[in-house]
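This briefing concerns one protein chain, shown below. The points that follow are grouped by topic.

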Amino acid sequence: MRQLLVKLSEEDYKILEEYCRKTGRTKSAVIRREIAKLKRETSYNLLHRKIKRISPGKGKLVSELIREMRD
């Protein structure tokens, strides 16, 4: 496991500390949970991003291209 030193403003530290007190979680647990959320959001965004442009290529239907991308 790696260790990380983070500098926070006094205000941010107090917010984190208060949240930890209310939830009973440690600061490390809160930070790990937020990082896990980032991983999920990134995966979700990759799967559900809008397609700006589809080039149908040579005689292929768009539906065929989508099927190929899913496989």
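Lysine 37 counts as partly exposed, because its relative accessibility is 30% and partly exposed covers the range between under 20% (buried) and over 50% (exposed). Its salt-bridge partner is glutamate 34, with the closest N and O atoms 3.2 Å apart. The model is a predicted one.

**Salt bridges**

- A search of the whole structure finds two salt bridges.
- In the bridge of lysine 37 with glutamate 34, the glutamate is likewise partly exposed, because its relative accessibility is 37%.
- Lysine 37 and glutamate 34 are three residues apart in helix H2, so about one helical turn separates them.
- A salt bridge also joins the side chains of glutamate 18 and arginine 21, at 2.5 Å from N to O.
- Glutamate 18 and arginine 21 both belong to helix H1 and lie three residues apart, about one turn of the helix.
- Glutamate 18 is partly exposed at 32% relative accessibility, whereas arginine 21 is exposed at 58%.
- An α-helix has 3.6 residues a turn, so residues three or four places apart point the same way.

**Fold and surface of the chain**

- The protein chain contains three helices and zero strands, and its elements run α-α-α from the N terminus on.
- Of the 71 residues in the protein chain, 6% count as buried.
- The protein chain has an accessible surface of about 7400 Å², and carbon and sulfur atoms account for 54% of it.

**Helix H1 and its end**

- H1 has 14 residues and should therefore span 20 Å at 1.5 Å a residue; the end C-alpha atoms are 20 Å apart, in agreement with that expectation.

**Nonpolar surface patch**

- Leu4, Val6, Leu8 and Tyr13 make up a nonpolar patch on the surface, and together they have about 390 Å² of accessible area.
- Leucine 4 is located in the segment before helix H1 (10-23).
- Leucine 4 counts as exposed because its relative accessibility is 69%.

**Largest pocket**

- The largest pocket holds about 520 Å³ of space.
- Its lining consists of 15 residues, and those nearest the centre of the pocket are Leu4, Val6, Lys27, Ser28 and Ile31.
- H1 and helix H2 (27-48) are the elements that give two or more residues to the lining of the largest pocket.
- H2 provides the largest share of that lining, with seven residues.
- Leu4 and Val6 belong both to the nonpolar surface patch and to the residues nearest the centre of the largest pocket.

Terms used. Residues are numbered from 1 along each chain as its sequence is written. This is a predicted model: local features need pLDDT of at least 70, side-chain atom pairs count only at pLDDT 80 or more; totals for chains, interfaces and linings use all residues. Side-chain values use heavy atoms; hydrogens and water are left out. Patches are made of residues with over 30% relative accessible area and no salt bridge: like charges are joined within 9 Å, nonpolar side chains (Val, Leu, Ile, Met, Phe, Trp, Tyr) within 5 Å. Accessible areas come from the Shrake-Rupley method with a 1.4 Å probe; for residues, only the protein chains shown count as cover. A salt bridge is a side-chain nitrogen of Lys or Arg within 4 Å of a carboxyl oxygen of Asp or Glu. Helices (H or I, at least four residues) and strands (E, at least two) are DSSP runs, numbered from the N terminus. Buried means under 20% relative accessible area, exposed over 50%, partly exposed in between (1.4 Å probe, protein chains only). The expected span of a helix is 1.5 Å times one less than its number of residues. On a 1 Å grid over the protein atoms alone, a cavity is a set of points where a 1.4 Å probe fits but cannot get out, and a pocket is an open set with protein on both sides within 12 Å along at least five of seven lines; lining residues have an atom within 4 Å of a point. Grid points are joined across faces, edges and corners, and a volume is the space filled by probe spheres set on the points.
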